[in-house]
Amino acid sequence: MVIPRIVVAAPSSGAGKTTVAVGLMAALRRAGHVVAGFKVGPDYIDPGFHAVATGRPGRNLDPMLSGEERVAPLLAHGAQGVDIAVIEGVMGLYDGALGTEGFSSTAHVAKLLKAPVVLVVDASAAGRSVGAVVQGFVAFDTEVRIVGVILNKVGSDRHEAEVRAGVAPTGVPVLGVLRRDTRLTVPSRHLGLVPADEQREQAENAVEAAAELVRAGVDLEAFVAAARAASELETSAWDPAAEVTPAEGGRPVVAVAGGPVFSFHYTETTELLTAAGAEVVRFDPLHDPLPEATAALYLGGGFPELHAEALSANEQLRRQVATEIAAGLPVIAECAGLLYLCRELDGHPMTGVLPATARMTGSLTLGYRTAIAATTTAFFDEGRRVRGHEFHRTAVELDGEVDAAWYLPGGVEGITRPRVHASYLHLHWTASPDVPARLVAAARVHAGLEK
């Protein structure tokens, strides 16, 4: 399979990798290319900006959450019908899960995809020394093919000449030079960028500014040529229809929370639910009631702590969710969904489904987790082992005895009922396609389509 593809990486976080990757995606689209955007790792926010830039769903490539064997098939799936795939890296090029020698790093994904790499280097505080940085990254792992450099945050023509002189001996071509640009400042908060779904106009303005900067400073033809030089990829496209088998006779409604609060979920989540036989209906818990004929509910992640008052103000939905869950509505809730099912969040009433209260804290919980299901539910059997990811600054305090969702290295986490599974852990369902299938099966029972 021939897929023109290229990885945009950096020596470290903060080099401007996201700005450059998003700008490249948008500039290529404006030049007439059909572009697919991907993000290495579990991040939800950058793919939202990729979607704004490309006009297509943003997707993630994460060996830790999906498995190494699915990375190339997921790329092929998301790249169907496009003429170039741009893959934004995570952290520094060789930074992966702690203690794993780079597992799930950008370099790891680049090697799995046999993809060339363009290195974005922050040149704001260096001159010729940038050449040493580039040479070091080239030599560190010769299986990683660095085919170009984009110099970011260059201050002047003299500065550019000095940096170029340092890079020249490496033999790595400079594909672009970007000057400092204050228009590229996008809204930020305690966990990084504000999701594009929350500040759509600001996100579009930031993407357009990045595209203009890239158009002016990057040799797009050389960039595309590097992507087209990628070798053939021996893989078949991942197909959600091959992962699950839908039942015959009716499609139960699975309501999927969205909008500014619940913007964190992987694109393949709804694809798997649809393939499993569900009619997926999105709704915004800030304003909407529960969709008509809802037979199951998926509450993904986001930043509900910043919208607690507005979420609480939608009393109709809060009452509906509580009533329907009491009547047996199947629910999977991840992170933000867990908080929404609590009695309150930072003093604001939530649905009250779970005997717990939630609050913001001053500490960040972030990282991959290996978890074992602590309780059998409609979706997981006790003892099931999964890999997930946590990403939050909130804490949940129990008001009574509960059945936990997961055993983690540090103890138990989450709350379950027979048809409710609520926890902080985010899963990529491509590694566990039976989970969406079981959610849809439970929805069929709740809707009266099966016994």
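Reader: Is cysteine 335 buried or exposed?

Author: In this predicted model, cysteine 335 sits in the loop between strand E13 (331–334) and helix H14 (336–341). The cut-off for a buried residue is under 20% relative accessible area. Because its relative accessibility is 4%, cysteine 335 counts as buried.

Reader: Which residues does cysteine 335 touch, not counting residues up to four places away in sequence?

Author: The UniProt record, an unreviewed entry, places the feature "active site" at Cys335. Leaving aside residues up to four places away in sequence, the residues that cysteine 335 touches are Gly301, Phe391, His392, Ser423, Tyr424 and His426.

Reader: How far apart do the end C-alpha atoms of residues 254–432 lie?

Author: According to the unreviewed UniProt entry, residues 254–432 carry the annotation "domain: CobB/CobQ-like glutamine amidotransferase". The span is 18% helix and 38% strand. Its end C-alpha atoms are separated by 18 Å.

Reader: What is the distance in space between histidine 287 and serine 432, C-alpha to C-alpha?

Author: Histidine 287 belongs to the loop between strand E11 (279–283) and strand E12 (294–299). With 60% relative accessibility, histidine 287 counts as exposed. In sequence, histidine 287 and serine 432 are 145 residues apart. In space, from C-alpha to C-alpha, the distance between histidine 287 and serine 432 is 32 Å.

Reader: Are helices H1 and H9 roughly parallel or roughly perpendicular to each other?

Author: Two packed helices are described by the angle between their axes and the distance between the axes. For helix H1 (residues 17–30) and helix H9 (residues 220–228), the axes come within 11 Å and cross at roughly 100°. Angles of 65 to 115 degrees count as roughly perpendicular. H1 and H9 are therefore roughly perpendicular.

Reader: What is the orientation of H1 relative to H2?

Author: The axes of H1 and helix H2 (residues 45–54) come within 8 Å, with a crossing of roughly 20°. That angle makes the orientation of H1 relative to H2 roughly parallel.

Reader: How many residues of the contact of H1 with H2 are charged?

Author: The crossing of H1 and H2 is right-handed. H1 contributes Thr18, Val22, Met25, Ala26, Arg29 and Arg30 to the contact, while H2 contributes Asp46, Phe49, His50, Val52, Ala53 and Thr54. Six of these residues are nonpolar and three are polar, and the number that are charged is three.

Reader: How many of the eight residues of helix H5 are buried?

Author: Helix H5 covers residues 106–113. The buried residues in H5 are Thr106, Ala107, His108, Val109, Ala110 and Leu113. H5 is therefore largely enclosed by the rest of the structure, the number of buried residues being six.

Reader: Which residue with a positive phi follows H5?

Author: Most residues other than glycine have a negative phi. The residue that follows H5 has a positive phi, near 50°. That residue is lysine 114.

Reader: What is the relative accessibility of lysine 153?

Author: Lysine 153 lies in strand E6 (residues 146–154). Although it is not a glycine, lysine 153 has a positive phi of about 60°. Lysine 153 counts as partly exposed because its relative accessibility is 28%.

Reader: Where does aspartate 346 lie?

Author: Aspartate 346 is not a glycine, yet it has a positive phi of about 50°. Its relative accessible area is 34%, so aspartate 346 is partly exposed. Aspartate 346 lies in the loop between strand E14 (344–345) and strand E15 (348–349).

Terms used: Residues are numbered from 1 along each chain as its sequence is written. This is a predicted model: local features need pLDDT of at least 70, side-chain atom pairs count only at pLDDT 80 or more; totals for chains, interfaces and linings use all residues. Side-chain values use heavy atoms; hydrogens and water are left out. UniProt positions are given in the numbering used here, feature names are shortened, and annotations may be inferred rather than shown by experiment. Helices (H or I, at least four residues) and strands (E, at least two) are DSSP runs, numbered from the N terminus. Buried means under 20% relative accessible area, exposed over 50%, partly exposed in between (1.4 Å probe, protein chains only). Contact means heavy atoms within 4.5 Å. Axes are lines fitted to C-alpha atoms, for helices over the stretch in contact, and angles run from 0 to 180 degrees between N-to-C directions. Angles under 35 degrees count as roughly parallel, over 145 as roughly antiparallel, 65 to 115 as roughly perpendicular and the rest as oblique. A crossing is left-handed if the near helix is turned anticlockwise from the far one by less than a right angle, and right-handed if clockwise. Ala, Val, Leu, Ile, Met, Phe, Trp, Tyr, Cys and Pro count as nonpolar, Asp, Glu, Lys and Arg as charged, and the others, Gly among them, as polar.
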